[in-house]
Amino acid sequence: MEMPFREARPENGAGLVPADNSAPHKEDLSSKIKEQKIVVDELSNLKKHRKVYRQQQNSNIFFLADRTEMLSESKNILDELKKEYQEVENSEKNKTKK
């Protein structure tokens, strides 16, 4: 039985958060980063002949996907999440300095 992978993508407007709401957003980003690290690790450790499926957005339908393409996309998403997390941390540091 092949293992399906769900794609962890940031939701639209993930970077647009009110300034007073940064703590919950930071926790949300942290959990998304952890989840995405697991996805990248799982895809990295799959044998080459294994099949990977992508879940259709807002649906329970899965489609066969290319493993290397999924790994590349997952790494890009992880990098974006880390960058956004760093921006939130920097904005919090700037607030405490003022």
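Which residue in β2 does Tyr 53 stand opposite? I looked it up and found that Tyr 53 stands opposite Leu 64 in β2.

Before going further I noted that this is a predicted model, in which local features need pLDDT of at least 70 and side-chain atom pairs count only at pLDDT 80 or more, while totals for chains, interfaces and linings use all residues. Residues are numbered from 1 along each chain as its sequence is written, and side-chain values use heavy atoms, with hydrogens and water left out.

**Entry on the overall layout.** I found two helices and two strands in the protein chain, and reading along the sequence I wrote the pattern down as α-β-β-α. Here helices (H or I, at least four residues) and strands (E, at least two) are DSSP runs, numbered from the N terminus.

**Entry on the strands.** I saw that β1 (residues 52–55) pairs with β2 (residues 62–65) in the antiparallel sense over four bridges, where pairing requires that DSSP finds at least two bridges between two strands. The two strands form a hairpin with six residues between them, and in the turn I noted Asn 58, which has a positive phi of about 55°.

**Entry on helix α2.** I counted 31 residues in α2, which reaches 45 Å from its first C-alpha to its last, close to the 45 Å expected at 1.5 Å a residue; the expected span is 1.5 Å times one less than the number of residues.

**Entry on Ser 74.** Leaving aside neighbours within four places in sequence, Ser 74 is in contact (heavy atoms within 4.5 Å) with Gln 36, Val 39, Val 40 and Leu 43. Other buried residues of α2 include Met 70, Leu 71, Ile 77 and Leu 78.

**Entry on the core.** Of its 13 residues, Leu 43, Val 52 and Leu 81 touch the most other members. Both α1 (22–44) and α2 supply at least two residues of this core, and α2 gives the most, with six residues.

**Entry on the whole chain.** Finally I noted that buried residues make up 26% of the 98 residues in the protein chain.

Definitions and conventions: Buried means under 20% relative accessible area, exposed over 50%, partly exposed in between (1.4 Å probe, protein chains only). A nonpolar core is a set of buried Ala, Val, Leu, Ile, Met, Phe, Trp, Tyr and Cys residues joined through side-chain atoms within 4.5 Å.
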